[in-house]
Amino acid sequence: MTCDHHVLPDRYNERVEEHLQSTGFYHVSQIGVVQCQKALVNALVERWHPDTHTFHLPVGECVVTLEDVAMIFGLPIDGLPVTGITLSSFEASEAECLHQFEVAPRKSDCRRSGIKLTWLRDLKERLQLTDENNIQVYIKCHIMFLFGTILFGDKSGASVHWKFLSLLSDFASIGQYSWGSAFLANLYKSLCRASRFDCKKIDGPLTLLLCWA
């Protein structure tokens with residue numbers, strides 16, 4: 001089992017810190033690079049039981065809980081469910097980006113159903129933090145980058161699914177979602193997939209798994 005973990009720190013301008021705190025993503029933004037411990041990850045995957053969503057260890061069963069997510073990453077674990085419509089076309093994602101960012105990626109800036117992280121980072125770095133709108137766009141780009149790396153990253157580590165965009169549309173409501181619950185569910189899903197005999201590589205929120213372990 002391989003566990004590539006290419007998570008580069010994405011720094012943010014200190015001027016947006018107060019706004020970032022209101023979204024619930026301040027603490028997770030403080031996490032730097034976590035080196036992947038392949039032996040540790042493999043040992044945990046071998047002891048993961050998909051039926052119970054627990055690790056079976058010599059001393060008994062244990063599991064990553066919502067309390068762990070809240071304590072380690074500071075993500076909200078109460079509130080609205082993270083659910084909604086999944087955008088399935090380039091045209092739909094283009095329209096959503098125009099609505100929220102006032103600029104849309106080209107097809108070359110997209111990867112299947114996702115937006116390349118390089119496009120989001122470039123957009124964020126070009127923004128002038130002179131008004132409330134630009135500050136909100138800046139933070140949305142930062143959150144999307146967190147989604148594509150630490151929270152909901154895939155094996156490529158190069159893009160983020162645009163389905164999350166609609167949940168960021170109302171800036172004041174971002175902090176009202178139970179992001180911690182969705183994050184934990186994503187970890188369970190990754191572990192269940194990795195525990196299959198035909199799976200050779202694990203993806204997902206390995207940062208949480210490694211910090212917890």
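Axes are lines fitted to C-alpha atoms, for helices over the stretch in contact, and angles run from 0 to 180 degrees between N-to-C directions. Helices (H or I, at least four residues) and strands (E, at least two) are DSSP runs, numbered from the N terminus. The model is predicted: local features need pLDDT of at least 70, side-chain atom pairs count only at pLDDT 80 or more, and totals for chains, interfaces and linings use all residues. Residues are numbered from 1 along each chain as its sequence is written, and side-chain values use heavy atoms, with hydrogens and water left out.

Two helix pairs are described here. Helix 5 (residues 117-126) packs against helix 6 (residues 132-151) at an angle of about 155 degrees. Their axes lie 9 Å apart. Helix 5 and helix 6 are therefore roughly antiparallel (angles over 145 degrees; under 35 is roughly parallel, 65 to 115 roughly perpendicular, the rest oblique). Their crossing is left-handed, meaning that the near helix is turned anticlockwise from the far one by less than a right angle; clockwise would be right-handed. Helix 5 makes the contact (heavy atoms within 4.5 Å) through L117, L120, R121, L123 and K124. Helix 6 supplies Y138, C141, H142, M144, F145, G148 and T149.

The axes of helix 3 (residues 66-73) and helix 7 (residues 179-194) come within 9 Å and cross at roughly 110 degrees. Helix 3 and helix 7 are therefore roughly perpendicular to each other. Their crossing is right-handed. L66, V69 and F73 of helix 3 meet G180, S181, F183 and L184 of helix 7.

V160 sits in strand 6 (residues 159-161). Its relative accessibility is 2%, so V160 counts as buried (under 20% relative accessible area; exposed is over 50%, partly exposed in between; 1.4 Å probe, protein chains only). Leaving aside residues up to four places away in sequence, V160 touches S113, G114, I115, L117, L120, M144, F147 and G148. Among these, L117 and L120 also belong to the helix 5 side of the contact with helix 6, and M144 and G148 to the helix 6 side. V160 and R112 are 48 residues apart in sequence, yet 10.0 Å apart in space, C-alpha to C-alpha.

A disulfide is a pair of cysteine sulfur atoms within 2.5 Å. By this rule the count is zero. C97 is in no disulfide; its nearest cysteine sulfur, that of C110, is 7.1 Å away. C97 counts as buried, at 0% relative accessibility. C110 is likewise in no disulfide, and counts as buried at 12% relative accessibility.
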